[in-house]
Amino acid sequence: MLAKTIEPIKKIVREHLIREFFRTVRCPRKNVIDNLLTDRPFDYSAEWRPKFLDAMRWSFNHHRSNSAFYKKLCQKKGFGERRIDSFEDIWDIPFVLSDVFKMYAIETRTDDMWKGEMSSSGTSGRKSKIWLDRISAQRLMFSLYQVHRALGLVSSTPANYLLMAYNPSLDETLGTTTSDIIMSHLTPRRGIFYGLDKDASGKVGFLRERAAEKLRQYVKEAYPVRMLGFIHHICEVIRSYRQKYGRVEFPKDSYIVSGGGWKNIVNPYGDDFDLYAFLRENTTLPTENMRDLYTLIEHDVFYLECAHHNKHIPNVALACSREPRTLKRLGYGEKGLIHLYSPLVESCPALSLLTTDYGYIGEDCACSIGGPYVKIIGRAGVAKKVTCAFTADQYVKDMEKI
């Protein structure tokens, strides 16, 4: 998920700006990238492929021309500006390994001087950093809204929100707060509580017991409840509630949308932890109202589960899996490292991102959304560590030689 934000990026999460944006849901219009942004985020009709090709070609040329890092990478790979002639050429666009962003904040020069630094939560010990300019932020917000609307999470019914994220008034505001605050405006917001905040002594930490009591209050009020944020903290609050009051009897139309924190769930719950079994046992929430969200600081596209728990790929992105040792592109259902593509961000050369997440690309989901989806296997520690043919250390070392 998204993490720490400095002052410039805080402007985008100010409440009145989010409310105004979602009130009108304006689609930004700057270049061919914005042709991908529609109110049909999972439409893969015939005209989509040429639009996506044009957008990726523009994005590639932009980053190659305006990022010294990416230009050197492309030169090293012998990949020039005329190499993207067909849709199939997109798969060959030089990638940046996601772990490289844990070592350097790599920027692409844009004509927008307004930029915010964003970094990941660092649960693996190191934080990724990217730069986000205004047009990129607007695109990501528009895409977030349309994805959640298409999957049934936009509503006119007021809801109470329990955010397992840092209170934005804190200096160490985490970027998961950015996305969670934005998501809390997908309905009229009745109440909000941050589970990561200052305690009575002024120390910042996880307010598990206070969050459980707030959940109890929200349940009694009978308005829909939405729990958003780190899965570890969500489960801990539910477990604390269960110990005091029994199963959580969520009001009708409540949702849990988890994102991030999977690494921290292994120790207390074990490698074979089943989120949906846990929630069925400890809450009354319908299975289809439990959704997991996959996104990365380096690739701020939102892969949200449908009611069948498949994370559909919105049409602003493209994905494949790759064999960990050879990096060969694999077919549907074949397990490997997840490789993500998207032209949305102009201020950071992450248009082609090879992740260290292990999974596969699926198709033919039973829901009505259609299109491909990404299935992550290694997020909860259930997959053994795989060896990539190109480590981040080697990557940065090679780049420094150029």
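Me: Is Cys-27 buried, partly exposed or exposed?
Reply: In this predicted model, the relative accessible area of Cys-27 is 24%. Buried requires a value under 20% and exposed a value over 50%. Cys-27 therefore falls in between and is partly exposed.

Me: How many disulfides does the model contain?
Reply: A disulfide requires two cysteine sulfur atoms within 2.5 Å. For Cys-365, the nearest cysteine sulfur belongs to Cys-367 and is 3.5 Å away, and Cys-365 is in no disulfide. By this rule the count of disulfides is zero.

Me: Is Cys-365 buried or exposed?
Reply: Cys-365 has a relative accessibility of 11%. The limit for a buried residue is under 20%, so Cys-365 counts as buried.

Me: Which residue of strand 5 is the bridge partner of Leu-162?
Reply: Strand 4 (residues 159–166) and strand 5 (residues 189–198) pair in the parallel sense, over six bridges. In strand 5, the partner of Leu-162 is Phe-193.

Me: Is Ser-184 buried or exposed?
Reply: Ser-184 lies in the loop between helix 6 (175–183) and strand 5. Beyond its neighbours within four places in sequence, Ser-184 is in contact with Tyr-161, Leu-163, Arg-189, Ile-192 and Leu-228. Its relative accessible area is 0%, and Ser-184 is therefore buried.

Note on methods
Residues numbered from 1 in each chain as written. Predicted model: local features only at pLDDT ≥ 70, side-chain atom pairs only at ≥ 80, totals over all residues. Heavy atoms only, no water. Buried < 20%, exposed > 50% of the residue type's maximum accessible area, 1.4 Å probe, protein only. Pairing = 2+ DSSP bridges. Helix = DSSP H or I, 4+ residues; strand = E, 2+ residues; numbered from the N terminus. Contact = heavy atoms within 4.5 Å.
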